[in-house]
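Open the model in your viewer and keep the selection tool at hand.

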Amino acid sequence: MSHTYSEKQLAQARKLGTSTLFEASGLDTSSTDIDIRPVWAGASVAGPAYPLECSPGDNLSIHIAMEKAPRGSILVISTGGFVAGYWGEVLTVAAEAAGVAGLIIDGGVRDIAALTARRFPVFSRGISMRGTIKASAPSVGLPISFTGTPVAAGDLVVADDDGVLIIPAAHAQRTLDQGQVRADKEAKMMESLTQGKSTLELMNLTSWRQA
């Protein structure tokens, strides 16, 4: 089932970031493979997932998804880990026109200079100049397992320099609320650190001090 998030929720998710939200979620399965990395430093994005599967070396599912994905969606694409150039400058321009907010793929992408110049958020396993065929579309818009993380349409995707997080829609608001509590607590801790307190004191770890 698809889900819509407000601009306020998405801005909060990006500001809190993946590390804080992962800790707040309490969901071990919400973080994806650590090898899924931004193709340009500083990329960050938050939005509802639109999952799809590509056959190895075949990107037909992506072209179909471009007509089906709701505006604001983040494409989450499973390729079985096969690295090829499933996505490049042409699909980036198509995505911008279709209102797609970003791309998460466990395969590869290409045209990195163009993706960087356009500041389009892309997170991938690798980079490959090798093109793809367009012959099959295993699934478009249906729930998938992305590097072992369950993804359904409408789940909250948050991605930044620390990695990619996928939070089930039913847990999204609770995770944002808990993430804000955690961030506020850390802000107070950092203020105390600037005033001379130690992390051992603030985290009640003083029993580890040497006599």
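Is Asp 111 buried, partly exposed or exposed? The model is predicted, and in it Asp 111 has 37% relative accessibility. Asp 111 therefore counts as partly exposed, since that class lies between the 20% limit for buried and the 50% limit for exposed.

An unreviewed UniProt entry carries the annotation "binding site" for Asp 111.

Next, select Gly 88 and Glu 89. Asp 111 is in contact with both, once its neighbours within four places in sequence are set aside. For Glu 89, display the backbone nitrogen: a polar atom of the Asp 111 side chain lies 2.8 Å from it.

Now select Trp 87 and Phe 120. A search of the whole structure gives one aromatic pair, and these two residues form it. Their rings are stacked, with 5.9 Å from centre to centre and 15 degrees between the planes. Trp 87 and Phe 120 are both buried. Trp 87 belongs to the loop between strand 3 (74-78) and helix 3 (89-98), and Phe 120 to the loop between helix 4 and strand 5 (122-127), so the pair ties together parts 33 residues apart in sequence.

For the last stop, select Ser 139, in strand 6 (residues 139-140). Its relative accessibility is 8%, so Ser 139 counts as buried. Which residues does Ser 139 contact, leaving aside its neighbours within four places in sequence? Show Leu 52, Glu 53, Ser 61 and Ile 144: Ser 139 is in contact with these.

Terms used:
Residues numbered from 1 in each chain as written. Predicted model: local features only at pLDDT ≥ 70, side-chain atom pairs only at ≥ 80, totals over all residues. Heavy atoms only, no water. UniProt positions renumbered as here; feature names shortened; annotations may be inferred. Buried < 20%, exposed > 50% of the residue type's maximum accessible area, 1.4 Å probe, protein only. Contact = heavy atoms within 4.5 Å. Polar contact = N/O pair within 3.5 Å; in protein donor to acceptor, adjacent residues only side chain to side chain. Phe/Tyr/Trp six-rings, centres within 6.5 Å; stacked < 30°, edge-to-face > 60°. Helix = DSSP H or I, 4+ residues; strand = E, 2+ residues; numbered from the N terminus.
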